[in-house]
Amino acid sequence: MMGFNRFINQALSEWMKGEGPESEIVISSRVRLARNLRNYPFPTLATDSQASAVVEEVRKALEQKEMKQISHFELIQMEDLTELQRRVLVEKHLISPNLAQESRKGAVALSENESISIMINEEDHLRIQCLYPGLQIYDAWKMASRIDDILEAKLDYAFDEKRGYLTSCPTNVGTGIRASVMLHLPALVISGQMNRMISAITQVGLTVRGIYGEGSEALGNLFQISNQITLGQSEEDIIENLYGVVKQLIDHEKQARAHLLRDSKVQIEDRVGRSYGILLHSKIIDSKEATGRLSDVRLGIDLKMINGLPPTIFNELMVITQPGFLQHYAGEMTPFERDIKRADIIRQKLSQYLK
């Protein structure tokens, strides 16, 4: 398990340390492809031996020269991990909550910089995920498609000429693609425009989710915009539609920030300053308050109200202050003890940048 330790000991994945296009608003771009092997039942119906056989087939496919040219991949079996270790991988967006909680013979293959995650025996046999910083949804799609082509050369995918790629959930049938962009939209929330935006987004075939995907809360003013339709549209159409809507959202957020600076500058400076002060000095803070305060501080960094803090401090602290990471660092704790530890870690991290 030595190889695994490097994936959980750092909150910030290597790919997150770079800043992509529109990085003051767009945290990350992700493309995920759902694929299944023709000769095996879906994971929910598979026996342990069938699920293990799928893992072995994928392991062999990962050994191809073309895959090694992309990256070295570490194959990690879920049954070899503790519940806490699986939770840390969820908090880093490297695996889904579903793979962490429900998969008996699940596994994940992770690239060295953690930008590529291939989940095995989740809801489908394969979930190929590519994560890029900023607005790089086309680049994420190109990489996911490249990996898909390489694996398909070795694996017999379940594919129907009329229906496309066959998946466990009917909503993924067709292209099997889920493309999403994670955006930080505090100005739209503060100005009361976000609900109207969400309504408009859903009318063009997209959906809005929280930080950990379906069913999760939009903590820290982070919203995940993704496609709903996988059948009847090409991958290129899906990506283009998402990109166009995200560009509009970015423009609306920039306009909202400009209005806040023009019409409510003192109030925003006060909000940012209060949150920064609370994070610097609090002795106890729960997860929800911490993410909200961190969102304010990130807005302050982007609006040049706070100097000396790197924007990536927001990304890092959003991960490292989650319950799984806290317990990974400090051992099993009660919720009250976690709130104390969370405040302690935030104080230490922010204090490093004080002159």
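The legends below describe close-up views of a predicted model.

Residues are numbered from 1 along each chain as its sequence is written, and side-chain values use heavy atoms, with hydrogens and water left out. Local features need pLDDT of at least 70 and side-chain atom pairs count only at pLDDT 80 or more, while totals for chains, interfaces and linings use all residues.

**View 1. The open sheet of eight strands.**
The strand order is E2-E3-E4-E5-E1-E8-E10-E9, and the pairing is antiparallel. Strands are DSSP runs of E with at least two residues, helices are DSSP runs of H or I with at least four, and both are numbered from the N terminus. Two strands pair if DSSP finds at least two bridges between them. Strand E2 (73-77) and strand E9 (206-209) stand at the edges with a single partner strand each, so one side of each has no neighbour in the sheet. On average, neighbouring strands are turned by 20 degrees against each other, direction ignored.

**View 2. Strands E8 and E10, with helix H8 on the sheet.**
E8 (residues 177-184) pairs with E10 (residues 222-227) over five bridges in the antiparallel sense. In this pair, Ser 180 stands opposite Ser 226 of E10. Helix H8 (residues 194-202) packs on the sheet and touches E9 and E10; contact means heavy atoms within 4.5 Å. The direction of H8 makes about 145 degrees with that of E9. Axes are lines fitted to C-alpha atoms, for helices over the stretch in contact, and angles run from 0 to 180 degrees between N-to-C directions.

Strand E4 (residues 116-120) is mostly covered, with five of its five residues buried. Buried means under 20% relative accessible area, exposed means over 50%, and partly exposed lies in between (1.4 Å probe, protein chains only). Ile 116, Ile 118 and Ile 120 point one way from E4, and Ser 117 and Met 119 point the other way. Strand E3 (residues 107-111) runs antiparallel to E4 and is joined to it by four bridges, with Ala 109 opposite Ile 118. Four residues lie between E3 and E4 in their hairpin, and Glu 114 in that turn has a positive phi of about 70 degrees. On the E5 pairing, five bridges join E4 to strand E5 (residues 126-133), again antiparallel, and Ser 117 stands opposite Gln 129. The hairpin of E4 and E5 has five residues between the strands, and Asn 121 in the turn has a positive phi of about 60 degrees.

**View 3. Two loop residues with positive phi.**
Most residues other than glycine have a negative phi. Glu 22 is not a glycine, yet has a positive phi of about 60 degrees. Glu 22 is placed in the loop between helix H1 (2-8) and E1, and counts as buried because its relative accessibility is 19%. Lys 304 also has a positive phi, near 65 degrees, and lies in the loop between helix H11 (287-302) and H12. Lys 304 is exposed, with a relative accessible area of 65%.

On a 1 Å grid over the protein atoms alone, a cavity is a set of points where a 1.4 Å probe fits but cannot get out; a pocket is an open set with protein on both sides within 12 Å along at least five of seven lines; lining residues have an atom within 4 Å of a point. Grid points are joined across faces, edges and corners, and a volume is the space filled by probe spheres set on the points. By this rule there is one cavity of 30 Å³ or more. The largest cavity has a volume of about 100 Å³. Its lining has 13 residues, and Gly 18, Glu 19, Ser 23, Ile 27 and Asn 315 lie nearest its centre. Strand E1 (26-35) and helix H12 (312-320) each supply at least two residues of this lining. Nine of the nine residues of H12 are buried, including Asn 315.

**View 4. The second largest pocket.**
This pocket has a volume of about 260 Å³. Ten residues line the pocket, and Glu 83, Arg 86, Arg 87, Ala 100 and Gln 101 lie nearest its centre. Helix H4 (83-91) and helix H5 (97-102) are the elements that give two or more residues to the lining. H4 gives the most, with five residues.
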